[in-house]
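Have the structure open and follow along.

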Amino acid sequence: MEVKRVSDEFFDYVQKFKDDMVLLADGKKAVMNARVSEIGKMGGSIAEGSKSMHIKEYTNTEQEQNEVLNFLEAVLPESGRNLDAGAIEAYVKSLEAFEKVWCLFDGAELIGTVGIRRLDETNCELKTLYLYSRYHGQGLGYRLLSTALEEAKQAGFEAVYLDTISTSE
């Protein structure tokens, strides 16, 4: 699987993988040691000893739309992104056009999201990778990313595009 990237921040994050991913950085190929198939599917418990953490596929119900809307309204300002409520609501409605979206929960609390959006028959884009800052450093963002990349591979996508804009520290 080929992954094209825009930011060094994400490049550093993806280096945790192991064998068959290629990243394109400033026109130069950097072969990553990444075997997406070894990452494994997510589901059930995420962290050892934490049975309350789980990833669930987003099914676009009204309840899920409200949960994601509330989550985005809270998480976006943590990273310096400030969108008005109308823009966030429009974005949540656009999720139905995504190939898939997953939500990470700590018990009943939505704490993270990730999705993939089809660009064409062989390419997709990683979207909406957000995680509350209080959960950073626990490998949960990696688990969300792993879920999306595994699904992209299983769906037959040959490349995942990463378009990151961040004001995060």
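Two strands count as paired here if DSSP finds at least two bridges between them. Helices (H or I, at least four residues) and strands (E, at least two) are DSSP runs, numbered from the N terminus. Bear in mind that this is a predicted model, where local features need pLDDT of at least 70, side-chain atom pairs count only at pLDDT 80 or more, and totals for chains, interfaces and linings use all residues. Residues are numbered from 1 along each chain as its sequence is written, and side-chain values use heavy atoms, leaving out hydrogens and water.

Start with the hairpin of β5 and β6: two residues sit between the strands, and Gly107 there takes a positive phi near 65 degrees. The two strands run antiparallel, joined by seven bridges, with Leu104 opposite Gly112 in β6. β5 also pairs with β4, again in the antiparallel sense, over five bridges; here His54 stands opposite Phe105 in β5.

Now look at α3, residues 62–78. Its buried residues are Glu64, Val68, Leu69, Phe71, Leu72, Val75 and Leu76, and they pack (heavy atoms within 4.5 Å) against β4, α4, β5, β6 and β7. At Leu72, α3 bends by about 25 degrees, taken as the angle between axes fitted to the seven residues ending there and the seven starting there. After α3 comes Gly80, with a positive phi near 80 degrees.

Technical notes: Expected span 1.5 Å × (residues − 1). Buried < 20%, exposed > 50% of the residue type's maximum accessible area, 1.4 Å probe, protein only.
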